[in-house]
Each structure stands twice: as structure tokens, then as C-alpha cells.
Amino acid sequence: MSNSQALNVAQIANNLSGKGIRWSIKNLDKCSSTNSEAHEIIKRNPELKSKGLVLFTEWQSDGRGRRGGKWESPRSKDLLFSIALCPGLPQKNWSRLTHATALGICQALSTKFKTKIKWPNDIYIGNKKVAGILVESYPSNNTGTVIIGVGINVNSTSRNFNSNFSVPGTSLRIENNEEPLVREFIAESVLCAIHNEIEQCKNNFSKLLIQIEELSVIIGKNIQVTLPNGKNIEGKVIGFGDEGELIMETVPESSNGTETLEISAAHEVRLL
């Protein structure tokens, strides 16, 4: 079956080149994690950083999610890739790239699927996770590198998902009445959309945030946020800050009123 063959990256690169996207696109049969491997390739070939590198793999032994979680995927069924590039943004704005990537994935899939964003880096269909993003940054004195890791469940079937996961998973195939999809088409449209949103986030991030707010599964909802220091905060999401921060309204234990908090990083976000 076509969905279990190795990805045709030459076809993807050729079609993207026709749209003016000149990223260098490579595919590995297997690796530990595309983020780690892309970082090593960039270190050996610094010129790829300014061009932009997209590294796919058919299978990864140590795929990483956020908070040290593991991203599992069967061989040659889904899309596992990393984009390594010079951000073209001041370091204080690098967090925009997570939001741009999430929006790009949603835009690309929206022709066929009703996707939503769970701040800041998970893509949902209904109440199930279909894609995740892990952005890692390597600042330096001149330009620095950002590596955007993406996993999209494309042709996984229900038996490929672990029922013990805290968030149930789904795939595009499951949501497509079990009809398999052509991974090259998905990859091409997703990369094109991510490229466009990265460009937009440099000059017009406020417009991008409006689109993200419309696609958010948590705006107006009560949530619990686990901060990087382990502290839990409960409250209602009332919007996003200028750089995509989460703005929450909480009720402090010590007062009768409410308090507005701005959160830029979280280990976990859970709907209540």
C-alpha cells in the first residue's frame, strides 16, 4: 500500500520549490529523534541553517514530546519531521514560531478536517490529539537556530494508540472514515502553510493571534495550568498577550476579587 512506502521527499521538494519555498528536504529511514538529528546536521553544515532544513524520518526510536514525554508512531504511517532555520526574529520573539507552526498545521488540514489548537503546541480534532509540536532553540551571538519538531498522525489506525495516554489520540485516517491519505500531499500542504505563517509572524503577529484565538479550544474555558516550577493554577482563559502568552482570570485564596495573570510557559494545560 502506498501509505507504508518511504516518503517521496524529491516530489515534496519539487512542488514546494514551484511555490518559491527553497527549504532543503531530507528523509531518514530511522533516527533517535528528528530534532536531535536536525541539530547535528546543521552543526556539520551551517549553510543549511540560512536556507532552512526539513528532516523527515520513517521511524524514530526516541521521539520527544513536551515535558520529556515520548512521541510514538508506527513506521512509515505518519509524518515525523523537524524544520531547522534561522528565525529572522529577535530572540525575545522566538516563541512566535510555536504559534505560527500550530496555525500553519491547522490551516493546511482545514480543507478536510475541523482542527483546533490547544495552547500552545497541540492540534486537536474534537477532544483528541492529532498533532504535536516541540520547538527547541539554540541562541548564539549572531543568529542562532530554532528547530521545530512536528508529529502528525496521518495513517495510524486505532490499534496504534496507547489507551493509557492521558489525552486520547486520533489520526487523519481515523477521521477520514478509515480511508488512508497520501502523506506527500499532507506534508506539502503543511510545510507550505507553516512557511507562510512563519513569514507572517515576523511582520503581522497580531493578525496571526486573532486566527489562533478563533481556533483555540481553551478560550473562555476553565483550565488548570501546571507551571514549569510545578505550581498549579486554576482559572478562566480570557485571551492571549502580545506574544501569545496565556491570559487567565483567577480567584486568589487571599481575596474576594479576581486577579489577571499572564503565563508565557507551562508544563501542562488541562481543561476542567
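The questions and answers below go through confidence, strands and helices in turn.

Trainee: Which element of the protein chain has the highest mean pLDDT?

Mentor: This is a predicted model, and the protein chain averages a pLDDT of 91, with 93% of the residues scoring at least 70. Among the elements, strand β12, residues 268-271, has the lowest mean pLDDT, at 90. The highest mean, 98, belongs to the helix of residues 96-109, which is α4.

Trainee: Which strands stand at the edges of the open sheet?

Mentor: Seven strands form the open sheet, with mixed pairing, and their order is β1-β2-β3-β7-β6-β5-β4. An edge strand has a single partner, so one side of it is left without a neighbour in the sheet. The strands to which this applies are β1 (24-28) and β4 (115-118).

Trainee: How many degrees does the twist of that sheet average from one strand to the next?

Mentor: The sheet in question is the open one that runs in the order β1-β2-β3-β7-β6-β5-β4. From one strand to the next, its twist averages 20 degrees.

Trainee: Which residue of β5 is the bridge partner of K116?

Mentor: β4 and strand β5, residues 122-125, pair in the antiparallel sense over four bridges, and a hairpin of three residues joins β4 to β5. Within this pairing, the bridge partner that K116 finds in β5 is Y124.

Trainee: Are the side chains of D122, Y124, I123 and I125 in β5 buried or exposed?

Mentor: Residues D122 and Y124 point one way from β5, while I123 and I125 point the other way. Whichever way they point, all of these residues fall into one class, which is buried.

Trainee: Which residue in the hairpin of β5 and β6 takes a positive phi?

Mentor: β5 runs antiparallel to strand β6, residues 128-138, and four bridges join them; one of the bridge pairs sets D122 against G132 in β6. The hairpin has two residues between the strands, and a positive phi near 65 degrees is taken there by G126.

Trainee: Why is strand β10 largely enclosed by the rest of the structure, and how many of its residues are buried?

Mentor: Strand β10 covers residues 246-250, and a residue counts as buried at under 20% relative accessible area. β10 is largely enclosed because the number of its five residues that are buried is four.

Trainee: Which residue of β11 stands opposite T250?

Mentor: On one pairing, β10 is joined to strand β9, residues 232-240, by four bridges in an antiparallel run, with F240 opposite L246. The hairpin of β9 and β10 has five residues between the strands, and G244 in the turn has a positive phi of about 90 degrees. β10 also pairs in the antiparallel sense with strand β11, residues 259-263, over five bridges, and there the residue opposite T250 is E259.

Trainee: Does R270 count as buried, exposed or partly exposed?

Mentor: R270 is found in strand β12, and, leaving aside its neighbours within four places in sequence, it is in contact with N222, I223 and Q224. The C-alpha atoms of R270 and S216 are separated by 13 Å, although these residues are 54 apart along the chain. The relative accessibility of R270 is 42%, so this residue counts as partly exposed.

Trainee: What is the handedness of the crossing of α4 and α6?

Mentor: The axes of α4 and helix α6, residues 183-203, come within 7 Å and cross at roughly 140 degrees, which makes α4 oblique to α6. The residues that meet include L97, A100 and I105 in α4 and I186, V190 and I194 in α6. As for its handedness, the crossing of α4 and α6 is right-handed.

Trainee: At roughly how many degrees do the axes of α1 and α6 cross?

Mentor: Helix α1, residues 9-17, passes α6 in a right-handed crossing, and the contact is made by Q11, I12, N15 and L16 of α1 together with residues of α6, among them F185, E188 and L191. The axes of α1 and α6 come within 10 Å, and the angle at which they cross is roughly 40 degrees.

How values were computed: Residues are numbered from 1 along each chain as its sequence is written. This is a predicted model: local features need pLDDT of at least 70, side-chain atom pairs count only at pLDDT 80 or more; totals for chains, interfaces and linings use all residues. Side-chain values use heavy atoms; hydrogens and water are left out. pLDDT is the predictor's confidence in each residue, from 0 to 100. Two strands pair if DSSP finds at least two bridges between them. Axes are lines fitted to C-alpha atoms, for helices over the stretch in contact, and angles run from 0 to 180 degrees between N-to-C directions. Buried means under 20% relative accessible area, exposed over 50%, partly exposed in between (1.4 Å probe, protein chains only). Angles under 35 degrees count as roughly parallel, over 145 as roughly antiparallel, 65 to 115 as roughly perpendicular and the rest as oblique. A crossing is left-handed if the near helix is turned anticlockwise from the far one by less than a right angle, and right-handed if clockwise. Contact means heavy atoms within 4.5 Å.
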